[in-house]
There are 2 protein chains.
Amino acid sequence: MSNQELVVLGQGGPGDCCPGLLTAPLAEDQAVELAKVFKALGDPVRLRLLSLIASRAGGEVCVCDLTPAFDLSQPTISHHLKLLREAGLIASERRGTWVYYRPLPETTDRLAGILTRPAGEPLPEPAEAPS
Amino acid sequence: MSNQELVVLGQGGPGDCCPGLLTAPLAEDQAVELAKVFKALGDPVRLRLLSLIASRAGGEVCVCDLTPAFDLSQPTISHHLKLLREAGLIASERRGTWVYYRPLPETTDRLAGILTRPAGEPLPEPAEAPS
C-alpha cells in the first residue's frame, strides 16, 4: 500500500456514492461523517487555507508559503491544516524541512454533489412574513 | 417590505455572486460569512434536520413532525433549527400552534457553486506516500 489511505465520506462501496442531502432524509451515520467535513470548513482560517491550497496553480503549497498569509503562529496554522487533512480535504507530504499540502478535490466534489438539487427542481414559493 | 430579509453569504451585489473557494484565495470577510454557513452544517443533528426539511415533498415541515425523528428534547431541536435559520439555510413561519420550516435552496445552491471546480480542471496527481 503505497498511497495514503484516506477516509472519504460515504465511500462505503461503489453503490454508496453521493447520497443527496436534499433529496432524501440523511441516515444517522452518514450525517455524522458528513458533519465532520462541514465542521472542518466551519472556520474562516481553515476556509482561507483550503482556498489558498486549492487555487495554487502548481497543485501544492509549502507550509512556509501559507503561514505568512495569516497573523497566526505556525503551530496554530499547523493545527488548522491537521483538521483539514483529517476531514479528507487536503493531503500532506513532508519533503526535507517542509511539509507540502495539496487539495483533495474528490472530497469537495462530493460535498458539491450532496448540496446540488436534482436538475429541474423548482424553488419553493417564498412565504410571506406576517405583517 | 413583506418578504423576510435574509442575509445570504456573498450577496453584496449583483456582481458579487459565487466567488469560487477553489479558484482564487478567499477574502477574509468572505471566509467569515461562508464559515458561518458551513459551521451550521457541521453537526449531525442539523444536517439531518435540513435533510428532512429539504426532502419533504410538500416543501415545508411542521416542527411537530421533526421532533419525533430525534431522541432529543423540543428545545434542543428548536435550538438547532434556529442555527440553520440564522445561517440562511431554512426559513420558518408560525401558523397557529406550530412553526413550519421550509428549505432555502438558494443558500445550498451557492455552497454547491462555491465547492464546484471550474469545468475541465484535472485532478492533481496523487503523491506517493514515503515508503
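Trainee: Which residues touch the most other members of the largest nonpolar core?

Mentor: This is a predicted model, in which local features need pLDDT of at least 70, side-chain atom pairs count only at pLDDT 80 or more, totals for chains, interfaces and linings use all residues, and side-chain values use heavy atoms, with hydrogens and water left out. Residues are numbered from 1 along each chain as its sequence is written, while chains are lettered from A and ligands numbered from 1 in the order in which they are written. A nonpolar core is a set of buried Ala, Val, Leu, Ile, Met, Phe, Trp, Tyr and Cys residues joined through side-chain atoms within 4.5 Å; buried means under 20% relative accessible area, with a 1.4 Å probe and protein chains only. Of the 65 residues in the largest core, those touching the most other members are A:Leu47, A:Leu81, B:Leu47 and B:Leu81.

Trainee: Which residues does A:Leu81 touch, not counting residues up to four places away in sequence?

Mentor: A contact means heavy atoms within 4.5 Å. With residues up to four places away in sequence left aside, A:Leu81 touches A:Leu49, A:Ile53, A:Val63, A:Leu66, A:Ile90 and A:Tyr101.

Trainee: What is the order of the strands in the open sheet of chain A?

Mentor: Strands are DSSP runs (E, at least two residues), numbered from the N terminus, and two of them pair if DSSP finds at least two bridges between them. In chain A, β1 (61-62) and β2 (90-95) are the edge strands, each pairing on one side only. The pairing is antiparallel, and the order is β1-β3-β2.

Trainee: Which residue in β3(A) is the bridge partner of A:Cys62?

Mentor: Two bridges join β1(A) to β3 (residues 98-103) of chain A. For A:Cys62, the partner in β3(A) is A:Tyr100.

Trainee: How many Å from the ring centre of A:Tyr100 is the charged end of A:Arg95?

Mentor: A charge sits over a ring if NZ of Lys or CZ of Arg is within 6 Å of the ring centre and within 35 degrees of the ring normal. In chain B, B:Arg95 lies over the face of B:Tyr100 at 4.2 Å. For A:Arg95 over A:Tyr100, the distance is 4.1 Å.

Trainee: Why does the aromatic pair of A:Phe38 and B:Phe38 join two chains?

Mentor: Rings of Phe, Tyr and Trp (its six-membered ring) pair if their centres lie within 6.5 Å, and planes under 30 degrees apart count as stacked, over 60 as edge-to-face and the rest as tilted. A:Phe38 and B:Phe38 are stacked, at 6.0 Å centre to centre and 20° between the planes. The pair joins two chains because A:Phe38 lies in helix α1 (residues 28-41) of chain A and B:Phe38 in helix α1 (residues 28-41) of chain B.

Notes
Helices (H or I, at least four residues) and strands (E, at least two) are DSSP runs, numbered from the N terminus. Buried means under 20% relative accessible area, exposed over 50%, partly exposed in between (1.4 Å probe, protein chains only).
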